[in-house]
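Keep the structure open as you read.

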Amino acid sequence: MYIYFNKINRNMKKQFFSFLFVCFNLYFVFAQQTVVKGIVKDMLTDQPIIGVLVNFEGTQLTTYTNELGVFEFSSGLPLGEQILTLSKVGYLKARYPIIVSEGQTLSIQDMMLSLDNSDDDLFTITLSDDELNDDTSGADNISGLLSASQDIFQRAAAFEFSSSFFRVRGLNSENGNVLMNGIEMNKMFDGRPQWSNWGGLNDVLRGQELSMGLAPSSYNFGGLLGSTNINLRASSYRAGGRITYSSSNRSYTNRLMATYASGMVDGGWAYAFSIGRRWGNEGFQDGTFYDANSFFASIEKKINDKHSLNFVGIYTPNRRGKSSPNTQEVFDLKGITYNEYWGWHDGEKRNSRVRRIAEPVLMLNHYWDMSEKTSLNTNVAYQFGELGNSRLDYAGGANPSPAYYQGLPSYFLADTDGPDYAGAYLADQSFRNGGQVNWNRIYDANLTNNINGDYAAYVLYEDRSDDEQLTVNTILESQLSEHTTLNAAINYKRLKSHNFAEIVDMLGSNTGYLNVDSFDQVQFDLQNPNQVVGEGDTFRYNYNIDANVLSSFLQAQFKYNKVDFFVSGSYTATEYQREGLYQTETYADYSLGKGRKLSFTGLGAKGGFTYKFSGKHIFNVNAGYLSKAPTIRNTFTNSRENHAIVGDKSGINITEEKITSFDANYIFRSSTVKARLTGYYTQMQDANEVSFYFADGISGVDQGTAFVQEILQGIDKSHLGMEFGIEAQVTPSIKLTGVASVGQFTYDNNPNLVLTSSDFVEGLNFGEAQLENYKIAGGPQQAASIGFEYRDPNYWWFGATTNFFANTYVDVSPLTRTENFYLDTDGLPFSDYDPNLARELLRQERFEDYMVVNAVGGKSWKIGDYYVSLFVSLNNIFNQKYKSGGFEQGRSANYQSLKEDAANPKRVFGPKYWYGRGPTYFLNLNFRF
């Protein structure tokens, strides 16, 4: 018995010691785990910074600091000598050399970041510029999409090229998504961000996460230009305040902003507030006043370690005077600051074309950290308000435009009986000495009609869009393993858009205004014939657009030491429906009530592959395909008057736009040099464009003139090019930069063209518009920049860039590239048609190449616990005059009329242009505490 129990005892001892051996081994395994961690603080305040991007240079290993400024890496770490880079918008990028030893924990305390005053102020300029969303120019600037980028090429595109309306890869801003706290802010009407909805709030918009091009995003599938998510969480802002004053001669002349953030305080609360005002009687263009206020509030409650709620409110009401495009003749007479939209009234400059926006945004965000590796962000947003664009209507008076063609010298020189030199001279002197809206004559005409008992000859009205949009989404991110991350999202958007014209000023009339088309006496609303309207009344058109969009995306990212890759897919279901509130006489059968419901299905797939030859050399390839619904703007052919959609008159069904895109990138990174070389190709198919203008010389139409809707259907485009950017830190104080973009953006086919008009209800199908190989207008297709920056240890700095632009083209008129060009108004070919002359007449105008020199500089002071900075930017120092855009008019739509116009001493209906601004400045002074 003793021997038996002794054996049992020995076995138990062996098992016990084996258990202890395993425990000790497990302990040492965990104890020997390789860890790198640290805390990042503000150099000025010594407070921890949340949201700092920490990266092992030359790898894809990244993380962000938490609310305590702490970060930690614990898996997949490279060993030996490494460089940790710290970056956050508003701070100077920092690089920390470290040595990673296997099985050791490296704890780095008090890593410091210094405020980057130059970066702050550059960001401030970009989003404050009215060029970002100038609907009159159609120049759709994309610089707001790129301002947060650390990439040298993207930053040059945002800050150096934006004044020339340069488009990265020839793409407009509807190809990039702007999100706020994960909620997409692009408008459903045209797909573009409405920058004015958050203008003047620069101090609270700095926390941006940008994915470039087809690169993966944690929030959505993205577009060809990627996506930008602006973090508005109250806890993400650095505790403290800032007061900023700015002066400029660009759009506004004065700006004042005040911002304060609490950081996370006792009880788990955090809040941030910002208010601002931008104003000016006149910007660079004559008569372009600016009047804007901005309000922002973000309040967060941290419920516990897993749940947090955040409320955001944004309200930025603004009004500004528009500027006009002009013919070369007008520029020669009045200069590049001339603007035909204003005139003197009661001793002040009054602009007849005013853009007014008041669209508050309210959002509620729920953040749920389901585990250390999984988070769920659920958001609800509601946006409502008004967008108005004013203009003069003249049912009983002469055209009030001071640059109307019949009042310019060219009209008299083109007299069919021979040049009228006397008339041309008088017109020249009258336009030089005046050339502005004659408000007194407009009021006199209405007062005379009051006496005679006639209806008003003139009124000032607004084209209004009053939108209500609800957005709900939920965004999931989960780290499935050490190497795999899953992203997913579901989004729903519902829009109700009320569109109408409203009289805002009767201009002295007390007899009312007749709601009838004065040109052909057609009733705008048969339900209320011969209706007399007054100030505050709706007239001309009145309808609703209902839209619903349900979308989802799924993405997997895989990261390894040498190789990274991702795959992503998306699905989108879109519905549009028009509801007419007026029954227009011309389209009595299909204008009132609800039209048919339109449905579109969009699919997207993309993927990317990155190979890291070493920490310095990286190769990346991305490819994608997506189909998407046409925007509301390019779906309905004339939504103001009827239910008709694109394809109704051509017999070609409207369909989704298809896009295929590819890019390849070589990236070089060293301690002193960073460079990127990119080649790209994008093909777009089955796009639609709807335009409105007055055409002259239309075949098959009485007198050949009409106000038309031009429907271009089935457009194919190709975008091919290369990008290059390099920056070299040649000394600790001096940095050199170089950027170049060479692109070719062309029409890739001959799309179908249809004209519709109230003058020919059935429409005119002109078949193919010969656009293949014509260049796509929209800024220079080639651009380059070289520059330097000197940053002194005593906190002052300056820099300069020389920027070169080439291959900017006028926007051609598709109608003149159809059979209409060689057919007379009777439908027969012109007897004197000369193909060689026609080819010369239809040659696309290329603008002159040009060079612009810019300079920036600044100085910072630390006074006790406070921080003061001054920044000055000078653009176009040498007053380079250049055309930034333009379009051919449709007034000479056939061979005969265009030939005659081109033969005149001065063209009567030449292209209209926008010119770039001359020398401008921006001064920024801020005080931080």
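Start at Glu 789, which is partly exposed at 21% relative accessibility; the label covers the span between buried, under 20% relative accessible area, and exposed, over 50% (1.4 Å probe, protein chains only). Before going further, note that this is a predicted model, where local features need pLDDT of at least 70 and side-chain atom pairs count only at pLDDT 80 or more, while totals for chains, interfaces and linings use all residues. Residues are numbered from 1 along each chain as its sequence is written, and side-chain values use heavy atoms, with hydrogens and water left out.

The side chain of Glu 789 meets that of Arg 791 in a salt bridge, 2.9 Å from N to O; the term asks for a side-chain nitrogen of Lys or Arg within 4 Å of a carboxyl oxygen of Asp or Glu. Arg 791 is partly exposed too, at 24%. Elsewhere, shared partners link salt bridges into one network made of Arg 356, Glu 386, Glu 462, Arg 464, Asp 466 and Glu 502.

How many salt bridges does the structure hold? The count is 39. One of them pairs Asp 42 with Arg 238, with 3.8 Å between the closest N and O atoms. Asp 42 sits in strand β1 (residues 35-42) and Arg 238 in the loop between β11 (227-230) and β12 (240-248), so this contact ties together parts 196 residues apart in sequence. Strands here are DSSP runs (E, at least two residues), numbered from the N terminus.

Next, look at Lys 187 and Glu 359, whose closest N and O atoms are 3.1 Å apart in a salt bridge. Lys 187 belongs to the loop between β9 (183-184) and β10 (208-211), and Glu 359 to the loop between β21 (354-358) and β22 (361-369), so the pair joins parts 172 residues apart in sequence. Both ends are buried: Lys 187 at 13% and Glu 359 at 3%.

Now back to β1, which sits in an open sheet of three strands, ordered β4-β1-β7 with mixed pairing. Strands count as paired if DSSP finds at least two bridges between them. The edges are β4 (70-73) and β7 (105-113), each with a single partner strand, so one side of each has no neighbour in the sheet. β1 and β4 run antiparallel, joined by four bridges, and Ile 39 stands opposite Val 70 in β4.
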